Amino acid sequence: MTQHLRKKRREAFVLGNEAVVEGALAAGCSFYAGYPITPSTEIMETMARRLPLVPDGVFIQMEDEIASMGAIIGASLAGRKVMTATSGPGFSLMQEQIGYAAMTETPLVIVDVMRGGASTGLPTSPGQGDVQQARWGAHGDHPIIVLSATDVPQCVEMTVAAFNFAEKYRTPVVLLLDEITAHTREKITLPEPGDFEIFSRLVPTMPPEWYKPYEETLRGVPPMPPVGSGYRFHVTGLTHDLLGFPTSRPEEVRALVERQFRKIDRFFQDVQLVEHVDTEDAEVLVVAYGCVARSARLAVKQARDVGVRAGLLVLNTLFPFPRAHVEKLMRTCRLVVVPELNVGQISREVKRVNEGYTAVRTINRIDGQIITPSQIFKEIA
């Protein structure tokens, strides 16, 4: 009898930032442009080593974050899967071109490793103050997907998810980490081909003369050819018609903006990534994300040990806000606790959907220190 031995999986002891690179490469990223900034620099350093070893992989250090965004937008239009990474001050510089990517429906991934702020703030300390900026930082009305990771293995998973969503919906996707998650070192199983379902953008199959780059489709997401492949593809940040040329006709402007929102709204459940921990019978609910979710997980376990029916909802998708999950649990809980490393940003979303169902209590810390399990336990037990 022949025995088939399984190939031993490779394991590594890596930082969260390094795990992001593993996820990006697994998703097919072949172009990275960025500028180093604490506490995201390890992403760039690891990409500088790894990406040139990938077939057709290109790494470029740009002069600043504005140039980095321009480079990845151009590379994405040319058909590459692209990423950049930064932290608070650099993320602020990127906002105008995030809006440009949203208007031109250019898929790309931005990793923002949050630190204490505002301004230069606390460069080496954790914070979660960029949450609302990730959703609303770029001017105008446009959809965007914002994800978060709670631990190092999830940095791999959420990076893959970010690329898949970007490619599937032709949109910028922001992955928010915090300094604790980014600089925590844990053992992970390195991804191999086949571990994840990988999605790549649709390309047109019709003759070039029939192609309309911003035409409505059944999925709401137009196919996207690489620039230079024979398809005419006009790109502008101005509102544009089906061919991509500037327009100010009210009916064409309205149709463009509505389609851009509809392409994500139509598949709303696909982008809602959450984790339920002991929520089936919970009378006290903790809603958390990032490193704070790890503290919350232990606090909920400790509360259960003393007889409190506590539960945890971990938000891996921050925007579009997972209203259905939160609202359903609010109807059966007497208290919802939202711990955050800011003055209250996701708690605003929780309160917005509460509509008087239950009491909402916040735990906020802005001094560069983590929220501990004991702090959360004190509020729920």
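Buried means under 20% relative accessible area, exposed means over 50%, and partly exposed lies in between (1.4 Å probe, protein chains only). Keep that scale in mind for this tour.

**Before you start.** This is a predicted model: local features need pLDDT of at least 70, side-chain atom pairs count only at pLDDT 80 or more, and totals for chains, interfaces and linings use all residues. Numbering runs from 1 along each chain as its sequence is written, and side-chain values use heavy atoms, with hydrogens and water left out.

**Stop 1: the whole protein.** Show it as a cartoon. You will find 12 helices and 15 strands. These are DSSP runs numbered from the N terminus: helices are H or I with at least four residues, strands are E with at least two. The radius of gyration is 21 Å, close to the 21 Å from the globule rule for 381 residues, so the protein is as compact as a globular protein of that length. That radius is taken over C-alpha atoms, and the rule is 2.2 Å times the number of residues to the power 0.38. The C-alpha trace spans about 70 × 60 × 55 Å along its principal axes. Of the 381 residues, 54% count as buried.

Stop 2: Select Cys29. Is this residue buried or exposed? Cys29 counts as buried, at 1% relative accessibility. A disulfide is a covalent bond between the sulfur atoms of two cysteines. Here a disulfide is counted when a pair of cysteine sulfur atoms lies within 2.5 Å. The count comes to 0 disulfides. Next, select Cys333. It has 6% relative accessibility and counts as buried.

**Stop 3: Ser148.** Select strand 7, residues 145–148, and pick out Ser148. Ser148 is buried, with a relative accessible area of 2%. What does Ser148 contact, leaving aside its neighbours within four places in sequence? Its partners include Gln154, Met158, Tyr289, Gly290 and Asn316. Contact means heavy atoms within 4.5 Å. Leucines are there too, among them Leu175, Leu176, Leu315 and Leu318.

**Stop 4: Arg185.** Move to strand 9, residues 185–189, where Arg185 sits. Arg185 is partly exposed, at 38% relative accessibility. Last, select Pro153. It is 32 residues from Arg185 along the chain, and their C-alpha atoms are separated by 10.0 Å.
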